[in-house]
Amino acid sequence: MLREALGLTEARRRKPIPRVDPALVLAVGRIGGNLNQIARWLNRSMLVGQVVLDGLTVARRLLTIERQLAQIIEAARRC
């Protein structure tokens, strides 16, 4: 009753952490690392004026990578 009077509710229970194939985690981590390296290179190059980027092309490529990652993750969930 005191908890209710103070407006406190029970803590929400967190969902259990799903089991994931370690090879999948490693592969997605490597892809993420590669994307970070690409982003750093692009940012550095743009700051010093070495690269002129077509924003639409970059966005399309990143969207393709995002979709491929989503497919990999979805396939792993079905296993």
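This is a predicted model: local features need pLDDT of at least 70, side-chain atom pairs count only at pLDDT 80 or more; totals for chains, interfaces and linings use all residues.
**The pockets**

| Pocket | Volume | Lining by class |
|---|---|---|
| Largest pocket | about 190 Å³ | six nonpolar, no polar, three charged residues |
| Second largest pocket | about 160 Å³ | seven nonpolar, one polar, one charged residue |

The lining of the largest pocket consists of Pro 18, Arg 19, Val 20, Asp 21, Leu 24, Ile 73, Ala 76, Arg 77 and Cys 79. Helix 3, which covers residues 55–78, provides the largest share of this lining, namely three residues.

Around the second largest pocket stand Leu 35, Ile 38, Ala 39, Leu 42, Thr 57, Val 58, Arg 61, Leu 62 and Ile 65. At least two residues of this lining come from each of helix 2 (22–47) and helix 3. The greatest contribution is that of helix 3, with five residues.

**Helix 2**

Helix 2 contains 26 residues, and the distance from its first C-alpha to its last is 37 Å, close to the 38 Å expected at 1.5 Å a residue. Its buried residues are Leu 24, Leu 42 and Ser 45, and these pack against helix 3. Just after helix 2, Gly 49 adopts a positive phi of about 75 degrees.

Terms used. Residues are numbered from 1 along each chain as its sequence is written. Side-chain values use heavy atoms; hydrogens and water are left out. On a 1 Å grid over the protein atoms alone, a cavity is a set of points where a 1.4 Å probe fits but cannot get out, and a pocket is an open set with protein on both sides within 12 Å along at least five of seven lines; lining residues have an atom within 4 Å of a point. Grid points are joined across faces, edges and corners, and a volume is the space filled by probe spheres set on the points. Helices (H or I, at least four residues) and strands (E, at least two) are DSSP runs, numbered from the N terminus. Ala, Val, Leu, Ile, Met, Phe, Trp, Tyr, Cys and Pro count as nonpolar, Asp, Glu, Lys and Arg as charged, and the others, Gly among them, as polar. The expected span of a helix is 1.5 Å times one less than its number of residues. Buried means under 20% relative accessible area, exposed over 50%, partly exposed in between (1.4 Å probe, protein chains only). Contact means heavy atoms within 4.5 Å.
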